[in-house]
Structures are given as structure tokens and as C-alpha cells.
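My notes follow the order in which I looked things up.

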Amino acid sequence: MSLPMTNETATTEPLVFCQPDGRRIKLTASVVAQLLRYAQHQLTDKEAGGVLIGRYLCDSDDIVVDQVTEPMPGDKRGRYFFHRAQKAHQHAIEQAWQASQGTRTYLGEWHTHPEANPTPSGVDTGDWRRKLQQDQYFERLFFVIVGTQEVRVWCGSRKQAKLISLQSHPVES
Ligand SMILES: [Zn+2]
């Protein structure tokens with residue numbers, strides 16, 4: 001989905017992506033605005049990243065990402081890499097979990113790339129597969145890459161080691 005990134009005054013829209021089974025994952029408008037602030041438009045902009053936090057909607061199995069963590073002290077950031085410091089981001093996940101009585105939780109990861117239409121590197125897919133293997137709680141995780149013109153989402157399930165690129169879905173008004 002193309003994004004009006006050059007127009008700073010444009011109202012940010014939520015983004016919706018469709019999983020192969022028809023379930024949707026929505027990034028709220030405020031999450032999209034937060035992610036786009038880190039898009040690497042300048043040659044000196046470093047990669048950024050964090051975790052995705054949100055909830056499953058009980059009536060539809062759709063998923064809403066309504067919070068993301070932003071780069072924190074301890075993260076390692078370069079033009080072409082981002083390594084997140086485990087502890088600080090983990091703390092945000094635990095806080096969201098407790099404040100919501102266990103309804104809001106870790107859903108995956110995001111990071112930026114200095115390219116228009118982002119594709120995961122070999123390091124990315126290796127890292128994502130490792131997270132899927134380590135995660136004991138959830139059947140699937142989501143991985144967002146924020147490019148300079150496009151935000152893309154991949155989904156991975158623990159059972160199949162496959163990573164699937166999700167199609168963007170028109171947002172209902
Ligand atoms: Zn990457």
C-alpha cells in the first residue's frame with residue numbers, strides 16, 4: 001500500500017492486512033503514524049525497530065496492533081541493522097499485559113529499511129524463524145518492515161516454518 005509520506009499534514013490512516021485464512025490484522029492510525037516517523041528518508045537515518053503489542057478481537061479472530069515500542073537505550077542501530085535490547089522492550093510487553101488483565105500481548109516485531117518497497121534480508125528471516133521457534137505462547141507472529149514508500153507485513157506460524165507476505169486490505173470507513 002502506498003503511503004502519503006511526503007505530506008506531513010495528511011491524516012494517517014490505519015492499515016489493514018489480510019492473512020491467508022481471511023483473518024485480518026489492523027495497525028491503528030496512531031501506530032502507523034508512530035512507525036512512519038522512523039521511515040529512513042534521509043541518508044543518515046538509522047534503522048529503528050521495536051515490538052508489536054495488541055489484542056485478538058473475540059468476535060472475529062481479527063488482530064489489532066494498538067501499541068509499538070520505539071528504539072530504546074541499549075538498542076544497536078545502524079544504517080542497515082537494528083538489534084533490539086531485550087529487557088526494555090520486554091518490560092513494555094509485561095506492562096501492557098498487566099494493565100489489560102492479560103488481553104493485550106506481544107504480537108511480533110517491526111523495523112525499518114532504507115528502501116522504498118521493503119523485503120526481508122536473510123538476517124531478518126533467520127531472526128524471525130528463531131523467534132517463532134522460541135515463542136512458546138502463540139501460534140503465529142507478525143513482522144512489519146517500514147520502507148520509505150510502503151509498509152509490509154509478514155506472518156509466520158510456529159507449526160509451519162513458512163513466512164507469508166500479507167496482502168494489504170482496503171480500510172473500511
Ligand atoms: Zn531488516
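The entries below go from the sheet to the core and then to the loops.

**Ground rules**

I am working from a predicted model, in which local features need pLDDT of at least 70, side-chain atom pairs count only at pLDDT 80 or more, and totals for chains, interfaces and linings use all residues. I number residues from 1 along each chain as its sequence is written. I take helices (H or I, at least four residues) and strands (E, at least two) as DSSP runs, numbered from the N terminus.

Nine strands form an open sheet in the order 10-9-8-7-3-4-2-1-11, with mixed pairing. Two strands count as paired if DSSP finds at least two bridges between them. I found strand 10 (163–165) and strand 11 (167–169) at the edges, where each pairs on one side only. Neighbouring strands of this sheet are turned by 30 degrees against each other on average, direction ignored. For such angles, axes are lines fitted to C-alpha atoms, for helices over the stretch in contact, and values run from 0 to 180 degrees between N-to-C directions.

Is strand 7 buried or exposed? Seven of the eight residues of strand 7 (residues 105–112) are buried. I call a residue buried if 20 or more other C-beta atoms lie within 10 Å of its own, exposed if 12 or fewer, and partly exposed in between, with C-beta atoms placed from the backbone.

On one pairing, strand 3 (residues 49–56) runs antiparallel to strand 7 and is joined to it by six bridges. Gly50 has Trp110 of strand 7 as its bridge partner.

Strand 8 (residues 140–146) runs parallel to strand 7, with five bridges joining them. The chain gets from strand 7 to strand 8 through helix 3 (residues 122–134), in a right-handed β-α-β crossover. Right-handed means that, with the strands pointing away from the viewer, the path from the first strand over the helix to the second runs clockwise.

I followed the chain onward. Strand 8 and strand 9 form a hairpin with four residues between them. Seven bridges join strand 8 to strand 9 (residues 151–157), and the two run antiparallel. Phe143 stands opposite Trp154 in strand 9, and Val144 stands opposite Val153. Strand 9 is largely enclosed by the rest of the structure, because six of its seven residues are buried.

A second hairpin, through five residues, joins strand 9 to strand 10. These two strands pair in the antiparallel sense over three bridges. Cys155 has Ile164 in strand 10 as its bridge partner.

**The other end**

Strand 1 and strand 2 pair in the antiparallel sense over four bridges. Phe17 is partnered by Ile25 in strand 2 and stands opposite Ser168 in strand 11. Three bridges join strand 1 to strand 11, which run antiparallel. In the hairpin of strand 1 and strand 2, I noted that Gly22 takes a positive phi near 95 degrees.

**Core and helices**

The largest nonpolar core has 33 residues. By nonpolar core I mean a set of buried Ala, Val, Leu, Ile, Met, Phe, Trp, Tyr and Cys residues joined through C-beta atoms within 7 Å. Those with the most contacts inside this core include Leu35, Leu107 and Val144. Leu107 touches, among others, Leu52, Val65 and Phe142, not counting residues up to four places away in sequence. Contact means that C-beta atoms, placed from the backbone, lie within 7 Å.

Helix 1 (residues 29–36) lies across several strands, including strand 4 (63–68), to which it runs at about 45 degrees.

Most residues other than glycine have a negative phi. I looked for exceptions. Phi of Asp61 is near 70 degrees, and Asp61 is found in the loop between strand 3 and strand 4. Asp61 is exposed, with 12 other C-beta atoms within 10 Å.

Gln101 has a positive phi of about 55 degrees, just after helix 2. Gln101 is exposed too, with 7 other C-beta atoms within 10 Å.

Notes: Two residues are in contact if their C-beta atoms, placed from the backbone, lie within 7 Å.
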